[in-house]
Amino acid sequence: GMGVSVTPVREALRELASEGLVDFNAYAGASVHRPAAQELQEIYEIRAHLSALAVRKGVENITADELERASRLIRIMDEEDRVESWVDRNREFHHLIDDASRNKQLSVLMRRLSDASALYVQLSMPYRPNELRGANSEHRRLLRAYKKREPDQALAITLEHMDSTLLAALKFLHESANSDPQAEGLGTPLTPRRYADGAFPQ
């Protein structure tokens, strides 16, 4: 009744919802999103399959400028003390790598999944205490594979990198819920062994 438009609020909530930070309910309205193990696994399973295509196209198309920008982001992350800032730079890094595929629709999908994963990356940080200070070895290995134009190696590193984040975040979720990951059959790795039957799109 104060003559203030609610449109900016709606737009802000819509933006937060698109980033997976807010849930909408027909009865309760908007509420802060609560992470769930099932959702986390679904996100990473989709990312794993799409990565097979994104990495192969990215290795083929990435430019020297993109490689240099990615290297710069790794150096910034090495010096970063704040978890929130590190997660933001990490997201930038993965957006840069994913965009190298030169497939716009694929990039949009990968970006959305990466943004949805960011919350879990932040949650997993206490279980990977060395990550903030110099544990960018997986990022560096990934860039080396891109520079050498080695798609199989780049994909294997990508899946290992996602795997460590997935398992650390699952550990957080299960400890928060005071339950055992093995008891619920969760925590299955995304590493290539899981897809040895050729389930990845080539």
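Predicted model: local features only at pLDDT ≥ 70, side-chain atom pairs only at ≥ 80, totals over all residues.
**Exercise 1. Carry out the analysis for Arg102.**

Solution. Step 1: Arg102 belongs to the loop between α4 (83–99) and α5 (104–124). Step 2: Arg102 is not a glycine, yet its phi is positive, at about 65°. Step 3: with a relative accessible area of 44%, Arg102 is partly exposed.

**Exercise 2. Which elements give two or more residues to the largest nonpolar core, and which residues touch the most other members?**

Solution. Step 1: the largest nonpolar core has 39 residues, and those touching the most other members are Leu40, Tyr44, Phe93, Tyr120, Leu143, Tyr146 and Ala154. Step 2: two or more residues of this core come from each of α2, α3 (64–79), α4, α5, α6 and α7. Step 3: α7 has the largest share, nine residues. Step 4: as background, nonpolar side chains tend to be buried together in soluble globular proteins.

**Exercise 3. Describe the second largest cavity by its volume, its lining and the helices that supply the lining.**

Solution. Step 1: the structure contains two cavities of 30 Å³ or more. Step 2: the second largest cavity has a volume of about 120 Å³. Step 3: its lining consists of 13 residues, and Ser51, His94, Ile97, Asp98 and Thr158 lie nearest the centre. Step 4: at least two lining residues are supplied by each of α2 (37–61), α4, α6 and α7. Step 5: α2 gives the most, with four residues. Step 6: by type, the lining divides into seven nonpolar, four polar and two charged residues.

**Exercise 4. What pLDDT does the protein chain average, and where is the pLDDT below 50?**

Solution. Step 1: the average pLDDT of the protein chain is 77, and 66% of the residues score at least 70. Step 2: residues 179–189 have a pLDDT below 50, and this stretch makes 18 contacts in the model beyond near neighbours in sequence. Step 3: the pLDDT is also below 50 over residues 191–202, a stretch with 21 contacts in the model beyond near neighbours in sequence.

Conventions
Residues numbered from 1 in each chain as written. Heavy atoms only, no water. Buried < 20%, exposed > 50% of the residue type's maximum accessible area, 1.4 Å probe, protein only. pLDDT = per-residue confidence, 0-100. Contact = heavy atoms within 4.5 Å. 1 Å grid on protein atoms, 1.4 Å probe; cavity = no way out; pocket = protein on both sides within 12 Å on 5 of 7 lines; lining within 4 Å. Points joined across faces, edges and corners; volume = space filled by probe spheres on them. Nonpolar A, V, L, I, M, F, W, Y, C, P; charged D, E, K, R; others polar. Core = buried A, V, L, I, M, F, W, Y, C linked by side-chain atoms within 4.5 Å.
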